[in-house]
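Open the model in your viewer and keep the selection tool at hand. The stops below are meant to be taken in order.

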Amino acid sequence: MELDYRKKLKEIFYGNNKKAYVHSFGCQLNVSDGEKIKGILKEIGFSFTDSPEDSDIIILNTCAVRESAEERVFGIIGSMKKLKAEKPDLIIGVSGCMTAQEKNLERIKKSYPQVDIVLGTSAINSLPGLIYEHLNSNRFAYDISEYADFSCRAEQVRESSFKASVPIMFGCNNFCTYCIVPYVRGRERSRNSQDIIDEVTALVNQGYKEIMLLGQNVNSYGKDLENDMTFPELLREINKIEGDFIIRFMSSHPKDATKELLDTILECDKVAKHLHLPVQSGSNSILRAMNRNYTVEKYLETVKYLRERYKDFSLTTDIIVGFPNETDEEFQDTVRLIKQVEYDNIYSFIYSKRSGTKASEISDTIPEEVKSRRMRELLEVQREISDRHYKRFVGKTMRVLADGKSRKHEGFLTGKSNEFIIAEFEGDESLIGSFVNIKVTDSMNWAVTGEII
Ligand code: 5AD
Ligand code: SF4
């Protein structure tokens, strides 16, 4: 049936210079879904544009993790009313995590008649059917059902020709009390390991240099599969694939950062010596209220284990500031933890209340300005740490995957080292997409600068 729709849509769109604008918000898993959506659109005859005004179909691939992102999307949908009035044949679709919440679907149906299609996170393959249904009936068409089908039956349109992300699992079972993900992405479902290995092998053979394995909680990969691999086993298999490439993965949950996983990272030559390990808070009472299932002490043991065996092992983290009723002392515990770990970088967010989550039931007494002040303090502390951290690399050499032109320095390229250090160096654009060795000559508080050797 689905193939029939594709065939019919090809007949309608092919050769007519039809353009699509696909914008993904939020995490890399969502960006990966956006690439699958593009794959389907390409197959039925669309090329792509960066301008909604020039497009014949718009897909807003949304994120629900924080309220601010949701409101931004509603603002954008609102502004598209005018576009639709000028161009009635324009198709507007909304996909991604926001569509999994009944209240959002109702709001779209009720207040945004310019939206023609809603596509749930597990229903990407339904896109041709929905477009066809909408064209035939000129009515709102949607599919937010949950399939256990992760394949995308079209070739993904990847944003980069040398960095590829490969989802290995979907959903999350952890129910951290602040987080909407388990409600909008469902329970953990791992892909078959052979499919993943085949996909990575094909990407490496096509010349991809960086493979990013993705999941909400990659280190619980395989727990839902029978007779398949664990995440460390999968990493070891991917590490055996021939070719010059680097393996990254995110995100990992500290409660599942087993010794076996840490040893695997340290022992596999292609696995980056970098771990994004979201700690969320440096206070045990807040971690308990968040249902994170580890303590600060346990987290610090993981850090110690890695740094003792690999001195420059790079760590990055996510922090939530202003969890309901977080006291000043609890916040200062987080500041202390950050100073102790010396992260390369932190991604910090002010707590956002998500209806349906456990934390949303707690009545919060902390004023917004206190949360903003804490956020500023955290960023200030981290800036000093990063400054010190990057200085350590001056005089050293590092291998960097050049990934683009520097936005700040004319004639310079930018890239990332194995340890996830951002480097800027003078070089020709033809080097983008290849590994280069540089000698670090200077540092800033967000990157190092160097010369190709
Ligand atoms: N409010 C603020 N930040 C959140 N995150 C997840 N849920 C929320 C929320 N309700 C952050 C966490 C997570 C990152 C992807 O987003 O830090 O690790
Ligand atoms: Fe959300 Fe926690 Fe799952 Fe991460 S591990 S997606 S923060 S519930």
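Predicted model: local features only at pLDDT ≥ 70, side-chain atom pairs only at ≥ 80, totals over all residues.

**Stop 1: the ligand**

Select ligand 1 and show the residues around it: V65, R66, Y178, Q280, D318, I320, F349, I350, Y351, S352 and R354. Next, pick R66: an N or O atom in its side chain is 3.0 Å from an oxygen atom of the ligand. Taken alone, ligand 1 exposes 400 Å², and the protein buries 85% of that. Colour β13 (314-321) and β14 (345-350) as well; these are the elements that give two or more residues to the shell around ligand 1.

**Stop 2: helix α9**

Move on to α9, residues 259-267. Within α9, the buried residues are L261, L262, D263, T264, I265 and L266. What covers them? Show α8 (231-239), β11 (246-250), β12 and α11, which are included in the cover over the buried residues of α9.

**Stop 3: Y305**

From that cover, follow α11 (residues 296-309) to Y305. Is Y305 buried or exposed? Y305 counts as buried because its relative accessible area is 14%, under the 20% cut-off. Leaving aside neighbours within four places in sequence, Y305 is in contact with K259, L262, D263 and L266.

**Stop 4: K273**

Finally, go to the loop between α9 and β12 (274-276) and select K273. K273 is buried yet has no salt bridge. Where is the nearest side chain of opposite charge to K273? That side chain belongs to D269, and it is 7.1 Å away. A polar atom of the K273 side chain does lie 2.9 Å from the backbone oxygen of C268. To see the rest of the surroundings, show the residues that K273 contacts beyond its neighbours within four places in sequence: I265, L266, C268, Y310, F313, S314, N418 and E419. L266 is a link back to the previous stop, being in contact with K273 and with Y305.

Notes:
Residues numbered from 1 in each chain as written. Chains lettered and ligands numbered in written order. Heavy atoms only, no water. Helix = DSSP H or I, 4+ residues; strand = E, 2+ residues; numbered from the N terminus. Buried < 20%, exposed > 50% of the residue type's maximum accessible area, 1.4 Å probe, protein only. Contact = heavy atoms within 4.5 Å. Lys, Arg positive; Asp, Glu negative; His and termini not counted. Salt bridge = Lys/Arg side-chain N within 4 Å of Asp/Glu carboxyl O. Polar contact = N/O pair within 3.5 Å; in protein donor to acceptor, adjacent residues only side chain to side chain. Near = heavy atom within 4 Å. Areas by Shrake-Rupley, 256 points an atom, 1.4 Å probe, with all protein chains shown as cover.
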